[in-house]
Amino acid sequence: MENSKHNYFKPDFIGIGAPRCGTTWIYDCLSAHPDICTSDIKETNFFKNRFEEVDSLKKYEDHFSHCTEDKIKGEFSSSYFHNKKALKNIKKACPNVKIILSLRNIVDKLIASFYDRNRHKAKLTKEDFNNFFEERFFGKEIDFYSPKVEFILNTFERKQLHVII
């Protein structure tokens, strides 16, 4: 798909970040700003799931159909943080887009993820936390930032990035 030859909608910013890193709060704050118009849903996941589909750019633009021309337009999809293909698609379709990268202290993120995963349990034990910790750090779900952030830094120019911790 050679999108760069066509005139199509491009957002002014795209927000990405690991889960439990404040992306929903940032999206809500930006949505409330009078000069900003965000996508009709927070997680469009367009550049991850629908970028290669026929007429996909029109479908993406539909997420912003409620926005007036004078507004700064953007979206947040935390899934982009973990997906190199999505980040490459963003760079290909929107080479000058501003990226808002939301991160969180990894220990705070781990604790927030633990409570989120166990929010329906009446009582949590130390064993619950130890099992969760082992699964995240010694299992398949290792979620350290550095390889992902390094890829982002190598994909986008520094002047395009705004990091929030």
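Student: Why is Asn45 called buried?

Tutor: Its relative accessible area is 16%. The cut-off for buried is under 20%, so Asn45 qualifies. Keep in mind that this is a predicted model.

Student: Where is Asn45, and what is its phi?

Tutor: Asn45 sits in the loop between E2 and helix H2 (46-50). Its phi is positive, about 55°, although Asn45 is not a glycine.

Student: How do you know that Cys37 and Cys67 form a disulfide?

Tutor: Check the sulfur atoms: those of Cys37 and Cys67 are 2.0 Å apart. The rule asks for a pair of cysteine sulfur atoms within 2.5 Å, so this pair passes. A disulfide is a covalent bond between the sulfur atoms of two cysteines.

Student: How many disulfides does a search of the whole structure find?

Tutor: One. Cys37 is in strand E2 (residues 36-38), while Cys67 is in the loop between helix H3 (56-62) and strand E3 (72-76), so the pair ties together parts that lie 30 residues apart in sequence.

Student: Is the link of Cys37 and Cys67 left-handed or right-handed, and are the two residues buried or exposed?

Tutor: The link is left-handed, with -80° about the S-S bond. Cys37 and Cys67 are both buried.

Student: What about Cys21 and Cys94: buried or exposed?

Tutor: Cys21 has 7% relative accessibility, so Cys21 counts as buried. Cys94 is at 3%, so Cys94 counts as buried too. Both values can be set against the limit of under 20%.

Student: What makes the contact of Glu43 with Lys42 a salt bridge?

Tutor: The closest N and O atoms of Glu43 and Lys42 are 2.5 Å apart. A side-chain nitrogen of Lys or Arg has to be within 4 Å of a carboxyl oxygen of Asp or Glu, so the Glu43 and Lys42 pair counts.

Student: Are Glu43 and Lys42 buried, partly exposed or exposed?

Tutor: Glu43 has a relative accessible area of 27%, which makes Glu43 partly exposed. Lys42, at 15% relative accessibility, counts as buried. The line between those two classes is drawn at 20%.

Student: How many salt bridges does the rule give?

Tutor: Three. Another one is between Asp62 and Lys58, at 3.1 Å from N to O. Asp62 and Lys58 are four residues apart in helix H3, which means about one helical turn separates them.

Student: Why is Asp62 called partly exposed, and Lys58 as well?

Tutor: Asp62 has a relative accessible area of 37%, and Lys58 has 48%.

Student: What makes Glu157 and Lys159 a salt bridge?

Tutor: Their side chains meet at 3.7 Å, N to O. That is within the 4 Å limit, so the Glu157 and Lys159 pair counts.

Student: Which class does each of Glu157 and Lys159 fall into?

Tutor: Glu157, at 42% relative accessibility, counts as partly exposed. Lys159 is at 65%, so Lys159 counts as exposed, given a cut-off of over 50%.

Student: Why does Asp128 count as buried?

Tutor: Asp128 has 18% relative accessibility, and buried means under 20%, so Asp128 qualifies. Asp128 is in helix H6 (residues 126-138). Apart from neighbours within four places in sequence, Asp128 is in contact with Phe114, Lys121 and Lys123.

Student: What kind of patch do Val107, Ile111 and Tyr115 form?

Tutor: A nonpolar patch on the surface, with about 290 Å² of accessible area together. Tyr115 belongs to helix H5 (residues 106-117).

Student: How many helices and strands does the chain have, and how much of the chain is buried?

Tutor: Seven helices and five strands; buried residues make up 44% of the 165 residues. From the N terminus on, the elements run β-α-β-α-α-β-α-β-α-α-α-β. Among contacts with a separation of 6 or more, 75% involve residues 24 or more positions apart.

Technical notes. Residues are numbered from 1 along each chain as its sequence is written. This is a predicted model: local features need pLDDT of at least 70, side-chain atom pairs count only at pLDDT 80 or more; totals for chains, interfaces and linings use all residues. Side-chain values use heavy atoms; hydrogens and water are left out. Patches are made of residues with over 30% relative accessible area and no salt bridge: like charges are joined within 9 Å, nonpolar side chains (Val, Leu, Ile, Met, Phe, Trp, Tyr) within 5 Å. Accessible areas come from the Shrake-Rupley method with a 1.4 Å probe; for residues, only the protein chains shown count as cover. Helices (H or I, at least four residues) and strands (E, at least two) are DSSP runs, numbered from the N terminus. Buried means under 20% relative accessible area, exposed over 50%, partly exposed in between (1.4 Å probe, protein chains only). Contact means heavy atoms within 4.5 Å.
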